[in-house]
Amino acid sequence: MRYILIVCVLIFHTGCAVSRAQSDVHAFIGATLTPISAEPIADGVMLVEHGQILRLGKASEITIPVGAVRHDVSGKVIMPGLVCTHNHIGGIGGADRTGPIQPDVRIFDSINVRDAGFKRTVAGGITTINIMPGSGHLLSGQTSYLKLRGGNTIDDLFIRDSDGKAMGGIKMANGTNSRRDAPFPGTRAKSASLVREQYIKALAYKRKQEAAKEDPAKMPARDIGMEALVEVLEGKRVVHHHTHRHDDIITALRLAKEFNFRVVLHHVSEGWKVAKEIAQSGVPCSVILVDSPGGKLEARDLLLKCPGILEKAGVKVALHTDDWITDGRLFLRMAAMAARAGMSREGALKAVTLAGAEMIDLGDRIGSLDVGKDADFIILSGDPLSVYTKVLETWVEGNKVFDRSNTQDRLYAVGGYGAGNELEPYFCCFDHAEGQ
Amino acid sequence: MMTRLITIAVTTIGLSLLSTAAHAQVAVRGQTVYTMSGASIANGVVVIDDGKISQVGPANEVSIPAGYLVLDAKIVTPGLVDAHATVGLSGMLNYKHDQDQIEHSAPIQPELRAIDAYNTRDELVTWIRTFGVTTVHTGHAPGETISGQTMIAKTFGNTIDDVTLVESAMVAATLSPSALKKGKPKSPGTRGKQMAILREKFIKAREYQQKLAKAEDDKKPDRDLSLEMMGKILDREIRLLITADRAQDIASALRLAKEFNIDIVLDSAAEAYLLIDEIKAAGVPVIVHPAMYRAVGNRKNQSFETAAMLKHAGIPIALQSGFEDYVPKVRVVLFEAAIAAANGLTFDEALSSITIDAARILGVDKRVGSIEIGKDGDLALYDGDPFEYTSHCIGTIIDGQVVSETIR
């Protein structure tokens, strides 16, 4: 039995090496290209090679190499794969109830890559996500930036920086979610105080590290929580800060200034009340929209017009699903709702692509259709902001990871019996998603 | 871009209408008027007198009397009917003091009336009104075996008496683990026990009715509000609205209806597509869950296409905003219908599911759900395809009163 399995795996691997889409030039011909970083291109051609965008432009200006795999996508719309800066799929569990601040916890140690949420998310056109622990702590752990390549283990999804390290930020929260019985804070002032104490400790830890001058004998004892906070202080790890009420937003900005950490404000329900102050701080916002205000006191003034007001004030604005709060399949809908309530059409599309990419330090690799960027893109049946438009295909690094014409993929896109179950394991590559 | 609402005539009346004029004389001109009682009318006019629709037809056949408030819109539809909600009971802030949709002190409490709990001024009632929703079937939520009664209300009015269309519309039941209890002394703890206590309650209600009928006047049993209500279900004076999502729970609902020969309406029904023949044979209408409900737990296999599958099989359906215990605290039934319209329902079918078809299932189609002479003057005005994400509701009229001019 074991012997047979090994043979199968070998065959699959060999097959993959030959059929891997990355090894060929793929030409997508005839679609309206929506690069985000530039004006839309009608009747465009995009060439993809080795998982990256090779060229794009008007059909009349692009020479399609001989032997390229040609994809007729006339009448369709191609835009970058969507980027969700705030996501909770994968059956995750971050910090536990032992304390309000737990920077030692890594969310990627808890992600189930077979969770059906991954399939629904690519069905919605999302190709990159920031999976975060929840908001029930002042600091609930390290977040994880993932490419939805499909994959058998979490390692297959990591996005690695130039040092080969799996990228991610850190999750913080203020307001009411993180308030509870001791050792958790009972008030807003106590919340801020606990956070300041930890960062002051981290500063001291960092000074000890620096004083040691890389002499192992003089280094402070390892503290993996402090190590993560030092990364925050050094700007290597962005703080993703859950915050709703106007005063909580200002508190988050005050803490960021005191400790000079890089921060993205998340949810920002009352951001429209302090749009000018946010703009002056230069801090970007990742906003969530839901279909009505309320659900809790601090979200009573959540308004659909918030992204539009922030945009006009000059704030960089992204949107996020907060999946399971909203469903990854409806992410483009959120952009449309932002546009409905006053955001510019361009701003709304940027908010689900490039703006989000920049907020997770990936603006140079993803988020727009530009030569040299990862070939992460989606093929749509029409206007990205129309309810009637469908995501037809989702591509990550030159591989098709979702195809609506595939029965199994369609099940996750639409729902139906079996859509809620775990995924079948992949053995190799993306053959499953391509329906082969 | 946006069609401005008020154009001519008595523009100055504007907002004062909200508080003063009881039944204004209003005319609405629409580039397209979807009456839901026949073909749509291009360049149509609807005239409302004393709260009721008095004229409807093409502009060249309808004359607008002098002095009427005249409104213009690209699209005019009947005021929307949300076939099942908890709005008004499940308040906006989601704290204990504004959550009256569920009472957990006992598993079966059909005597709880929605009219004793509905807050006409909850901000979420205002919220849905600004999207064109004029009638809601609301009341006790899923979450107990029988959680209480529902009512049908208009979304504008000062007191409960101002808004009530039907005081006691249905009795809400839940067949699902969401209505089961955890822990030793708690019951019902299983699906089997839940059905058992429901059946026992119906049997008791039958006995109570028989005692009442037989006994001399001075020997009548004490009045029992709970059994009285169960008796009304047995007499088919009122229907049991059964929330059931998994196919096996839907089958249990049908089994219960058959045993006691009662009229039921299926609610939510995420896996109804697995039992189309059975539901059709039972002649039971389905108020399908919001398309954008979270696909978790009992609804993990829900589909955007359920409404279309049932409708095309010939089962009467309506759509709903449902119950939400977190966010969005109220859903907007227009948005749910939009998703259904993009996933198999035609435009007309989707609009019907939140107007005339909903009104029929609720039994209030003589009053609301379509634009016809004599019906309530309830209209919704839009600046484009109402289902399109980027269109706006630009006005809402209830009983001839302009109750929203917010562009939303």
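Here are some friendly notes on the interface of chain A and chain B, on the aromatic pairs and on one glycine.

1. First, the ground rules. This is a predicted model, in which local features need pLDDT of at least 70 and side-chain atom pairs count only at pLDDT 80 or more, while totals for chains, interfaces and linings use all residues. Residues are numbered from 1 along each chain as its sequence is written, chains are lettered from A and ligands numbered from 1 in the order in which they are written, and side-chain values use heavy atoms, with hydrogens and water left out.

2. Now the interface. In chain A, 37 residues are in contact with 42 residues of chain B (contact means heavy atoms within 4.5 Å). The two chains bury about 3600 Å² between them, with 58% of it on carbon and sulfur atoms; buried area is the accessible area (1.4 Å probe) that two parts lose on being put together, summed over both. A:Arg340, A:Val387 and A:Tyr388 supply 20% of the area that chain A buries against chain B, more than any other three residues.

3. The rule finds 2 salt bridges across the interface of chain A and chain B (a side-chain nitrogen of Lys or Arg within 4 Å of a carboxyl oxygen of Asp or Glu). A:Arg410 forms a salt bridge with B:Glu305, and their closest N and O atoms are 2.6 Å apart.

4. Which elements give two or more residues to the side of chain A that touches chain B? They are α8 (331–340) and α11 (407–414) of chain A, where helices are DSSP runs (H or I, at least four residues) and strands likewise (E, at least two), numbered from the N terminus. The largest share, 5 residues, comes from α8(A).

5. On to the rings. Over all chains the count comes to 11 aromatic pairs; rings of Phe, Tyr and Trp (its six-membered ring) pair if their centres lie within 6.5 Å, with planes under 30 degrees apart counted as stacked, over 60 as edge-to-face and the rest as tilted. B:Phe131 and B:Phe335 form an edge-to-face pair, 5.0 Å centre to centre with 70 degrees between the planes. B:Phe131 lies in the loop between α2 (123–129) and β6 (133–139) of chain B and B:Phe335 in helix α9 (residues 333–341) of chain B, so the pair ties together parts that are 204 residues apart in sequence. Both B:Phe131 and B:Phe335 are buried (under 20% relative accessible area; exposed is over 50%, partly exposed in between; 1.4 Å probe, protein chains only). In chain A, ring pairs link A:Phe28, A:Phe377 and A:Trp395 into a cluster.

6. Finally, please look at B:Gly51, in the loop between β2 (41–49) and β3 (52–58) of chain B. B:Gly51 is buried, with a relative accessible area of 3%. B:Gly51 and B:Asp376 are 325 residues apart in sequence and 6.1 Å apart in space, C-alpha to C-alpha.
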